[in-house]
Amino acid sequence: FGYGSDVTCSFPISGIFSLHQTPIYSGVLKAQIAVYNKMKPGVSWIDCHKTAELELLKALTEIGLVQPDGDGITDKKSLHE
């Protein structure tokens, strides 16, 4: 029902990430690592998804693709609360 991706399968055709590609790749990698660190028995898929969402939002905000709305959304534990 969803699309799963693996950042380790992503690489630039030139062999070197551009200045625009690097922060996107890094943000996805941070999200992936955060989910790996969260995964353990008893942790729901939803909680892992929220963790990835939060990391991706932080990365997109840092590079200016998402503008903070003043609610501190990237500081929340859950984007769905």
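Good morning. A residue is called buried when its relative accessible area is under 20%. In the predicted model before us, buried residues make up 20% of the 81 residues in the chain. The accessible surface of the chain comes to about 6,400 Å², and carbon and sulfur atoms hold 61% of that surface.

Let me turn to the secondary structure. The chain has two helices and zero strands.

Which residues of helix 1 are buried? They are Gly27, Ala31, Gln32, Ala34 and Val35. These residues cover an arc of only 160° around the axis, and therefore lie on the same side of helix 1. In general, an α-helix has 3.6 residues a turn, so residues three or four places apart point the same way. Tyr36 and Asn37, on the other side of helix 1, are exposed. The buried residues of helix 1 pack against helix 2.

Thr51 lies in helix 2, which comprises residues 45-62. Is Thr51 buried or exposed? Its relative accessible area is 16%, which is under 20%, so Thr51 is buried. Leaving aside residues up to four places away in sequence, Thr51 touches Ala34, Val35 and Lys38. Of these, Ala34 and Val35 are among the buried residues of helix 1. The side chain of Thr51 also reaches the backbone oxygen of Asp47, at 3.0 Å.

Finally, a word on contacts across the chain. Among contacts with a separation of 6 or more, 36% join residues 24 or more positions apart. Thank you.

Conventions:
Residues numbered from 1 in each chain as written. Predicted model: local features only at pLDDT ≥ 70, side-chain atom pairs only at ≥ 80, totals over all residues. Heavy atoms only, no water. Helix = DSSP H or I, 4+ residues; strand = E, 2+ residues; numbered from the N terminus. Buried < 20%, exposed > 50% of the residue type's maximum accessible area, 1.4 Å probe, protein only. Polar contact = N/O pair within 3.5 Å; in protein donor to acceptor, adjacent residues only side chain to side chain. Contact = heavy atoms within 4.5 Å. Areas by Shrake-Rupley, 256 points an atom, 1.4 Å probe, with all protein chains shown as cover. Arc of directions from axis to C-beta.
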